[in-house]
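This report looks at one helix, its packing partner and a loop residue. The structure comes first.

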Amino acid sequence: MTSLALLRHGQSEWNLKNRFTGWVDVDLTDKGRAEAQKAGRLLKDTGVEFAAAYASVLKRAVRTLWIALDEMDRMWLPDFKSWRLNERHYGALTGLNKKETADKHGAEQVRIWRRSFDTPPPPLDASSPYNPARDPRYQGLPREDLPLTESLKTTLARVEPYWRSEIAPRLERGESLLISAHGNSLRALVKLLMNVSDDDIVHVEIPTGNPLLIDLEDDALRPRAARYLDEARAEKLPAFMK
């Protein structure tokens, strides 16, 4: 059976500080490293033999992958990194404290920016040090590919080409894969794979450091089953994912 494991990075330094992170390259906390270690042990216990691993280009996802692969005794697996698996870009909210932002703009407005499918936050000022055009890892990309804000909808539009060209074909060939990424880029993948509606996807939450293992039935990539490996920290799976 072919399996796909989706692993959201462990707790990051800005998760701990309750700040909007997006494309800012913050590292894991000690708790985040421990979450990644536990994720690796849980993945190893499944007995699934993964053919390869994927990650974003942000260190919290890359380090989570490295730690998990070490725990799995699979450091030798080929791994691939892509900016298309990056977290959603939070625009002008980047770096701000979430509670203080809610106090300033109202909880409902912030909820819309954070959880709606197609309403992005205000764009980041191009002069901001957080502008990805200033980051050397994106220097080879066309300027129009570098966002100054994103909704889940535009994150999905960024993720989908990579899914279609690189990941889905390998799954269709029967290769099990591990992806270490972020809450919103992984939700985009769940939407694609599960054919989730725009309304339902906003209720899907993937906890940090808790692998979501999806068993695929055949080369059409139809999900047969899905479960979080750490049952004590599992989010409730909507009916369409059971």
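Where is the place of serine 197?

## Serine 197

This model is predicted. Serine 197 lies in the loop between helix H7 (183–194) and helix H8 (198–201). Its relative accessible area is 33%, so serine 197 is partly exposed.

Arginine 170 is 27 residues from serine 197 in sequence. In space, the two C-alpha atoms are 25 Å apart.

## Helix H3

Helix H3 covers residues 59–71, 13 residues in total. From first C-alpha to last, H3 reaches 18 Å, close to the 18 Å expected at 1.5 Å a residue. After H3 comes aspartate 73, with a positive phi near 55°.

The buried residues of H3 are Arg60, Ala61, Val62, Thr64, Leu65, Ile67, Ala68 and Leu69. Their cover includes helix H2 (30–46). It also includes four strands: S1 (2–8), S2 (52–55), S3 (79–81) and S4 (177–181).

## Packing of H2 and H3

Two packed helices are described by the angle between their axes and the distance between the axes. For H2 and H3 the angle is about 45°, and the axes are 7 Å apart. The two helices are therefore oblique to each other. Their crossing is right-handed.

H2 makes the contact with Arg33, Ala36, Gln37, Gly40, Arg41 and Lys44. H3 contributes Arg63, Thr64, Ile67, Ala68 and Glu71. By class, the contact has three nonpolar, three polar and five charged residues. Thr64, Ile67 and Ala68 of H3 take part in this contact and are also among the buried residues of H3.

How values were computed. Residues are numbered from 1 along each chain as its sequence is written. This is a predicted model: local features need pLDDT of at least 70, side-chain atom pairs count only at pLDDT 80 or more; totals for chains, interfaces and linings use all residues. Side-chain values use heavy atoms; hydrogens and water are left out. The expected span of a helix is 1.5 Å times one less than its number of residues. Buried means under 20% relative accessible area, exposed over 50%, partly exposed in between (1.4 Å probe, protein chains only). Contact means heavy atoms within 4.5 Å. Axes are lines fitted to C-alpha atoms, for helices over the stretch in contact, and angles run from 0 to 180 degrees between N-to-C directions. Angles under 35 degrees count as roughly parallel, over 145 as roughly antiparallel, 65 to 115 as roughly perpendicular and the rest as oblique. A crossing is left-handed if the near helix is turned anticlockwise from the far one by less than a right angle, and right-handed if clockwise. Ala, Val, Leu, Ile, Met, Phe, Trp, Tyr, Cys and Pro count as nonpolar, Asp, Glu, Lys and Arg as charged, and the others, Gly among them, as polar.
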